[in-house]
Amino acid sequence: MFTGGVLRDANGGWLGGFSSQEGVGSVHMAELLAVRIGLDFAWNKGVKKLVSELDSLEVLHLLREASPTTETGFAELVADTTRLLHLDWEVHLQHVYREGNSVADYLAKCARHASESFVSWSVPLVDLHPLLLEDSFP
C-alpha cells in the first residue's frame with residue numbers, strides 16, 4: 001500500500017507532507033492507514049487543532065462509529081487510529097472528493113519510487129505547486 005498526506009495551516013500554507021509504503025492491503029486499508037499516519041504526523045508536529053480530509057466515505061463512517069467489536073478485518077488499525085483521535089487535541093474528520101485531495105494522492109504515488117518506507121517532506125515538491133492551488137479548503 002502506498003499512502004500520502006499533507007499538513008497545511010488554516011490559510012492553506014504548507015506545514016509538511018509524507019509518503020509511506022506499508023505492505024499489501026485494500027483501498028480502504030490504505031486510506032485508513034493514511035489517516036493514522038497523518039494523525040501521528042500532525043501530533044508529532046505539535047498541532048492542536050486539525051481538520052483531516054478523507055476521500056473515502058466508508059473509512060470516515062468507520063472511524064466515526066468505531067467500537068471494539070468492529071469486524072472489518074483491520075480492527076487493530078481502527079483502534080489505533082481512534083486512540084489518536086482521542087488525544088488531547090481537536091480533530092474534525094470530513095469528507096472531500098478525490099479531486100480535492102490531489103496533493104495527498106500525488107504524495108502516495110511518490111511512495112512507489114521512494115527508497116525508504118516513510119519519507120517526510122518539509123517543503124513541497126515543485127510538481128505539487130499547481131496541485132496545492134487546486135485543492136479545496138474548508
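These notebook entries record what I looked up in a predicted model.

**Basis.** I number residues from 1 along each chain as its sequence is written, and side-chain values use heavy atoms, with hydrogens and water left out. In this predicted model, local features need pLDDT of at least 70 and side-chain atom pairs count only at pLDDT 80 or more, whereas totals for chains, interfaces and linings use all residues.

**Entry 1: the sheet.** I took helices (H or I, at least four residues) and strands (E, at least two) as DSSP runs, numbered from the N terminus. I found an open sheet of 3 strands in the order β1-β2-β5, with antiparallel pairing; two strands pair if DSSP finds at least two bridges between them. β1 and β5 are the edge strands, each pairing on one side only. β1 and β2 are joined by 7 bridges, and Gly4 stands opposite Ser19 in β2.

**Entry 2: helices on the sheet.** I noted that α1 packs on the sheet and touches β1, β2 and β5, its direction making about 40 degrees with that of β1. α4 also packs on the sheet, touching β1, β2 and β5, at about 135 degrees to the direction of β1. Axes here are lines fitted to C-alpha atoms, for helices over the stretch in contact (heavy atoms within 4.5 Å), and angles run from 0 to 180 degrees between N-to-C directions.

**Entry 3: helix α4.** I then checked burial, where buried means under 20% relative accessible area, exposed over 50% and partly exposed in between (1.4 Å probe, protein chains only). Because 7 of the 10 residues of α4 (residues 102-111) are buried, this helix is largely enclosed by the rest of the structure. Its buried residues, including Val103 and Leu107, pack against β1, β2, β5 and α5.

**Entry 4: cores.** I looked for nonpolar cores, sets of buried Ala, Val, Leu, Ile, Met, Phe, Trp, Tyr and Cys residues joined through side-chain atoms within 4.5 Å. In the largest, of 27 residues, Leu32, Leu39, Leu50 and Leu63 touch the most other members. α1 gives the most to this core, with 9 residues. A second, separate core of 6 residues includes Val103, Leu128, Leu131 and Leu132.

**Entry 5: aromatic pairs.** My search of the whole structure gave 3 aromatic pairs; rings of Phe, Tyr and Trp (its six-membered ring) pair if their centres lie within 6.5 Å, with planes under 30 degrees apart stacked, over 60 edge-to-face and the rest tilted. Phe18 and Phe41 are tilted, because their centres are 5.6 Å apart and their planes at 55 degrees. Phe18 and Phe118 are stacked, at 6.0 Å centre to centre and 15 degrees between the planes. Phe18 is buried at 3% relative accessible area, whereas Phe118 is partly exposed at 34%.
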